[in-house]
Amino acid sequence: AVVSTQSTGDIVINTASEHFRTSELHLLVMYIVQDVALVLALIILFLVFFNTYVFKAGLVALLIRKFVATIVVTLIYLALCLALHVWAMKLRWGKDKNFYIWNAGKDGYLILYVCQRAGSVLYYFFYKRTTLRLGDPNYYKDSAWLREHVN
């Protein structure tokens, strides 16, 4: 439920951010909420890792090897979000309400915008896949699967 709520919130903020472009304060709050939610999602992911039998058995390298793509994608997406949010606020803050940001940012802003939106799709996929994979009971008990991966 937490994953669905976080992903839905992230999608809503990504889509609604252009709607609130005339209110710098609302936009800033939305961006802060999105960035904090991404950090919390990463913290929750590691908390789930810490709760597994694999982690308790000291096989941290196995967990990292299995989920390195999710960790990297999440960190890259967080960096893209932070960069986009800072640049957008820098371009918008103190400007006229009818200011058209797409002309001011030149091509770099558009490229960052597209990369952040594309990165969001990868983030949703990898994070959801990881949460589903961590639901596997093999991660929470000693099993033949775990012994097979250790040897």
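Let me start at arginine 117. Leaving aside neighbours within four places in sequence, arginine 117 is in contact with Asn14, Ser17 and Leu84. This is a predicted model, so please hear everything that follows as computed from that prediction. Arginine 117 lies in helix H6. Is this arginine buried or exposed? Arginine 117 counts as buried, because its relative accessibility is 19% and the cut-off for buried is under 20%.

Cysteine 81 has 0% relative accessibility and so counts as buried. Another cysteine, cysteine 115, comes out at 38% and therefore counts as partly exposed. How many disulfides does the structure have? A search of the whole structure finds zero.

Now the chain as a whole. It has seven helices and zero strands. Read along the sequence, the pattern is α-α-α-α-α-α-α. There are 151 residues in the chain, and buried residues make up 39% of them. The chain exposes about 8700 Å², and 70% of that is supplied by carbon and sulfur atoms. As for contacts, take those between residues at least 6 apart in sequence: 74% of them join residues at least 24 apart.

Next, helix H4, which covers residues 60-92. Where does helix H4 bend? The bend is at phenylalanine 67, and the angle is about 65°. Just after H4 comes glycine 94, with a positive phi of about 80°.

One is phenylalanine 49, in helix H2, residues 24-51. Not counting residues up to four places away in sequence, phenylalanine 49 touches Phe55, Leu63, Phe67, Ile71 and Leu134. With a relative accessible area of 3%, phenylalanine 49 is buried. Phenylalanine 49 and tyrosine 139 are 90 residues apart in sequence, yet 9.1 Å apart in space, C-alpha to C-alpha.

The other is arginine 133, in helix H6, which spans residues 106-133. Beyond residues up to four places away in sequence, arginine 133 touches Lys66, Phe67 and Tyr139. Lysine 66 and arginine 133 are 67 residues apart in sequence, with 9.8 Å between their C-alpha atoms. Arginine 133 has 28% relative accessibility and so counts as partly exposed.

Which residues form the nonpolar patch? They are Ile32, Val36, Val39, Leu40, Ile43, Ile44, Leu47 and Phe50, and together they have about 680 Å² of accessible area. There is a general point to bear in mind when looking at that numbering. An α-helix has 3.6 residues a turn, so residues three or four places apart point the same way.

Isoleucine 44 is in helix H2, and it is partly exposed, at 36% relative accessible area. Phenylalanine 50 is also placed in helix H2. Its relative accessibility is 40%, so phenylalanine 50 counts as partly exposed too. Setting aside residues up to four places away in sequence, phenylalanine 50 touches Phe55 and Lys56. Phenylalanine 50 and valine 60 are 10 residues apart along the chain, and 9.0 Å separates their C-alpha atoms.

Last, the charged side chains. How many salt bridges does the structure hold? It holds one. In that bridge the side chains of aspartate 142 and arginine 147 meet, at 2.4 Å from N to O. Aspartate 142 has 36% relative accessibility, so it counts as partly exposed.

To recap, this predicted model is a chain of seven helices and zero strands. A nonpolar patch on the surface includes Ile44 and Phe50. The structure has one salt bridge and zero disulfides.

Key:
Residues numbered from 1 in each chain as written. Heavy atoms only, no water. Helix = DSSP H or I, 4+ residues; strand = E, 2+ residues; numbered from the N terminus. Buried < 20%, exposed > 50% of the residue type's maximum accessible area, 1.4 Å probe, protein only. Contact = heavy atoms within 4.5 Å. Disulfide = S-S within 2.5 Å. Salt bridge = Lys/Arg side-chain N within 4 Å of Asp/Glu carboxyl O. Patch = residues over 30% accessible without salt bridge, like charges linked within 9 Å, V, L, I, M, F, W, Y side chains within 5 Å. Areas by Shrake-Rupley, 256 points an atom, 1.4 Å probe, with all protein chains shown as cover. Bend = angle between axes of the 7 residues up to and from the residue.
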